[in-house]
Amino acid sequence: MKQEGRLEMKTDVLIAGAGPVGLTMAMELKRYGLSVRIIDKDSGRTDKSKAIVLWARTLELLDRVGPETTERFINAGLE
Ligand SMILES: Cc1cc2nc3c(=O)[nH]c(=O)nc-3n(C[C@H](O)[C@H](O)[C@H](O)COP(=O)(O)OP(=O)(O)OC[C@H]3O[C@@H](n4cnc5c(N)ncnc54)[C@H](O)[C@@H]3O)c2cc1C
């Protein structure tokens, strides 16, 4: 129900922070059919590398997203 003076929220979950934790959360929620909106206090991505290495468990989680997701990450890292 829409109340006067309030904005109606059309997404199921609002995620604050577009770092790896926020993006992984979004990915998992989408897998369960929920809609998400991600917001971040920074307007662009950082120019510092914070993930030169992707650890095995991260690759395992990416593998759940869809076929060949992990392979695409590995190949991109090798280019
Ligand atoms: C120099 C460096 C090198 C690294 N190298 C590696 C590596 O090779 N491999 C690896 O696995 N890990 C690496 N790490 C660690 C990895 O970057 C962190 O573990 C990871 O970024 C943590 O993810 P996070 O989502 O918890 O936090 P963050 O990546 O810090 O993301 C949090 C996000 O939330 C946003 N935010 C914060 N407060 C608010 C707010 N109030 N409202 C809205 N948005 C907000 C921030 O702007 C940010 O974008 C490295 C870290 C550093 C510093």
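Glu68 sits in the loop between α2 (56-63) and α3; helices are DSSP runs of H or I with at least four residues, strands are DSSP runs of E with at least two, and both are numbered from the N terminus. Glu68 is not a glycine, yet its phi is positive, about 75°. Most residues other than glycine have a negative phi. Glu68 counts as exposed because 10 other C-beta atoms lie within 10 Å. The burial classes rest on the number of other C-beta atoms within 10 Å of a residue's own: 20 or more is buried, 12 or fewer is exposed, and anything in between is partly exposed, with C-beta atoms placed from the backbone.

The model is predicted; local features need pLDDT of at least 70, side-chain atom pairs count only at pLDDT 80 or more, and totals for chains, interfaces and linings use all residues. Residue numbers start from 1 along each chain as its sequence is written.

**Overall fold**

The protein has three helices and two strands, arranged along the sequence in the pattern β-α-β-α-α. The radius of gyration is 16 Å, well over the 12 Å that the globule rule gives for 79 residues, so the protein is more spread out than a compact globule. Here the radius is taken over C-alpha atoms, and the rule is 2.2 Å times the number of residues to the power 0.38. Along the principal axes, the C-alpha atoms fill a box of roughly 55 × 30 × 20 Å. Buried residues account for 0% of the 79 residues.

Contacts are defined by C-beta atoms, placed from the backbone, that lie within 7 Å of each other. Taking contacts between residues at least 6 apart in sequence, 19% join residues at least 24 apart.

The protein is divided into domain 1 (11-40) and domain 2 (51-79), with bounds from an automatic or database domain assignment. The centres of domain 1 and domain 2, taken over C-alpha atoms, are separated by 19 Å.

**Helix α1 and its residues**

Helix α1 has 12 residues and spans 16 Å from its first C-alpha to its last, close to the 16 Å expected at 1.5 Å a residue. The expected span is 1.5 Å times one less than the number of residues in the helix. Just after α1, Gly33 has a positive phi of about 85°.

Gly22 belongs to helix α1 and is partly exposed, with 16 other C-beta atoms within 10 Å. Apart from neighbours within four places in sequence, Gly22 is in contact with Ile15, Gly17 and Ile38. Lys30 is also in helix α1; with 13 other C-beta atoms within 10 Å, Lys30 is partly exposed.

**Ligand surroundings**

The shell around the ligand holds 16 residues, of which Gly17, Gly19, Val21, Lys50 and Val53 come nearest. A residue is near a molecule if its C-beta atom, placed from the backbone, lies within 6 Å of it. Helix α1 (residues 20-31) supplies the largest share of this shell, three residues. Domain 1 (11-40) and domain 2 (51-79) each contribute at least three residues to the shell.

By class, the shell has nine nonpolar, three polar and four charged residues. Ala, Val, Leu, Ile, Met, Phe, Trp, Tyr, Cys and Pro count as nonpolar, Asp, Glu, Lys and Arg as charged, and the others, Gly among them, as polar.

Glu79 is placed in the segment after α3 (69-78). Glu79 counts as exposed, with 4 C-beta neighbours inside 10 Å. The table gives C-alpha to C-alpha distances for residue pairs.

| Pair | Separation in sequence | C-alpha distance |
|---|---|---|
| Glu79 and Leu59 | 20 residues | 17 Å |
| Lys30 and Glu60 | 30 residues | 17 Å |
| Gly22 and Thr46 | 24 residues | 15 Å |

Technical notes. Two residues are in contact if their C-beta atoms, placed from the backbone, lie within 7 Å.
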